[in-house]
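Subject: Structure for your files

Hello,

Here is the structure I said I would pass on. My notes on it follow below.

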Amino acid sequence: FDHEKVTVIFVLGGPGAGKGTQCERLVNDFSFSHLSAGDLLRAEQDRPESQYGQLIRTAIREGTIVPMEVTVKLLENAMGDVIASKAGSDDGWKDGKGRFLIDGFPRKMDQAEKFEQDVCQGSLVLFFTTTEEVMLKRLLKRGETSGREDDNIESIKKRFVTYRDQTMPVIEYYAKEDRVAEIDSSPSVDEVYAVTKAAIAKVFA
Ligand code: UP5
Ligand code: MG
């Protein structure tokens, strides 16, 4: 697809900060397509003919980051699929540009560099932030029903470490470039969304 014709917002924040929840709300109010890197990896892991199934399963359980080539390719393919499915349909994408919320990515510096080199620049990083205590509570609660193999205390602790060591530097990098909108995601979903919506509306009227 034509890489000039997409606008990308990266959505970052710790495990359980509320990235997916807020993205769903944004999709309802703005013409975004939401792509969660974690969801794409889980779908790839479940594809019987995938050569990456075991690699992804282990990384997710251990809270480590899947080699960036795999994730960037999945994202690029998914973006291409969305664009192809919208071809000629004029479903409201403004100025002919496909708008994407890329959720949970880039969570390591090498991914950020690769994506921005091969695909496109991110216009903005939505950064959801709250305490580990809050995130832990949310994830353990979700774990009661989610079936996610990483919603258990051992995996969650490892995810926190990876987030601190690998993902925070990515956020700091974008913050230096003044491309970050930081949002406290401790309050209720509605309260967080009100702030999120305003931050997006400021950029994409
Ligand atoms: N909830 C949400 N907001 C709330 C609020 N304001 N008040 C009260 N409750 C709230 O929310 C989590 C839970 O909290 C839900 O039950 C929700 O109802 C509630 P959610 O919106 O799902 O949070 P989110 O930030 O999306 O949490 P998630 O667990 O998805 O974050 P992770 O970043 O850990 O998971 P992700 O799927 O992105 O990645 C999983 C793994 O995939 C990674 O650990 C890694 O191993 C791998 N991965 C890569 O290797 N590379 C990548 O590029 C991406 C992922
Ligand atoms: Mg998520």
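**Sheet, ligand and helix packing**

Leu35 stands opposite Ile102 in E3. The pairing there is between E2 and strand E3 (residues 98-103), parallel and over four bridges; two strands count as paired if DSSP finds at least two bridges between them. Helices (H or I, at least four residues) and strands (E, at least two) are DSSP runs, numbered from the N terminus.

Before going on, note that this is a predicted model: local features need pLDDT of at least 70 and side-chain atom pairs count only at pLDDT 80 or more, while totals for chains, interfaces and linings use all residues. Residues are numbered from 1 along each chain as its sequence is written, chains are lettered from A and ligands numbered from 1 in the order in which they are written, and side-chain values use heavy atoms, with hydrogens and water left out.

The open sheet has five strands in the order E2-E3-E1-E4-E5, with parallel pairing. Strand E2 (33-36) and strand E5 (180-184) are at the edges with a single partner strand each, so one side of each has no neighbour in the sheet. On average, neighbouring strands are turned by 20° against each other, direction ignored. Helix H8 (residues 189-203) packs on this sheet and touches strand E1 (6-13), strand E4 (122-129) and E5; contact means heavy atoms within 4.5 Å. The direction of H8 makes about 165° with that of E4. Axes are lines fitted to C-alpha atoms, for helices over the stretch in contact, and angles run from 0 to 180 degrees between N-to-C directions.

Ligand 1 is surrounded by 32 residues, the closest being Thr21, Thr64, Val66, Arg142 and Arg159; a residue qualifies if one of its heavy atoms lies within 4 Å. An oxygen atom of ligand 1 is 2.5 Å from an N or O atom in the side chain of Thr21. A polar side-chain atom of Lys19 lies 2.8 Å from an oxygen atom of the ligand, and a polar backbone atom of Pro187 is 2.8 Å from a ligand nitrogen atom. These are polar contacts, meaning pairs of N or O atoms within 3.5 Å. The protein covers 86% of the 1,000 Å² of accessible area that ligand 1 has on its own (Shrake-Rupley method, 1.4 Å probe).

Helix H5 (residues 109-118) and helix H7 (residues 153-176) pack at about 50°, with axes 8 Å apart. That makes H5 oblique to H7. Helix H2 (residues 37-45) and helix H4 (residues 68-86) pack at about 100°, with axes 10 Å apart, and are therefore roughly perpendicular. Angles under 35 degrees count as roughly parallel, over 145 as roughly antiparallel, 65 to 115 as roughly perpendicular and the rest as oblique.

Lastly, the backbone. A cis peptide bond joins Phe105 and Pro106, with omega about -5°. Asp178, not a glycine, has a positive phi of about 65°.

Regards

Notes. A polar contact is a pair of N or O atoms within 3.5 Å; within protein, one must be able to donate a hydrogen and the other to accept it, and residues adjacent in sequence count only if both atoms are side-chain atoms.
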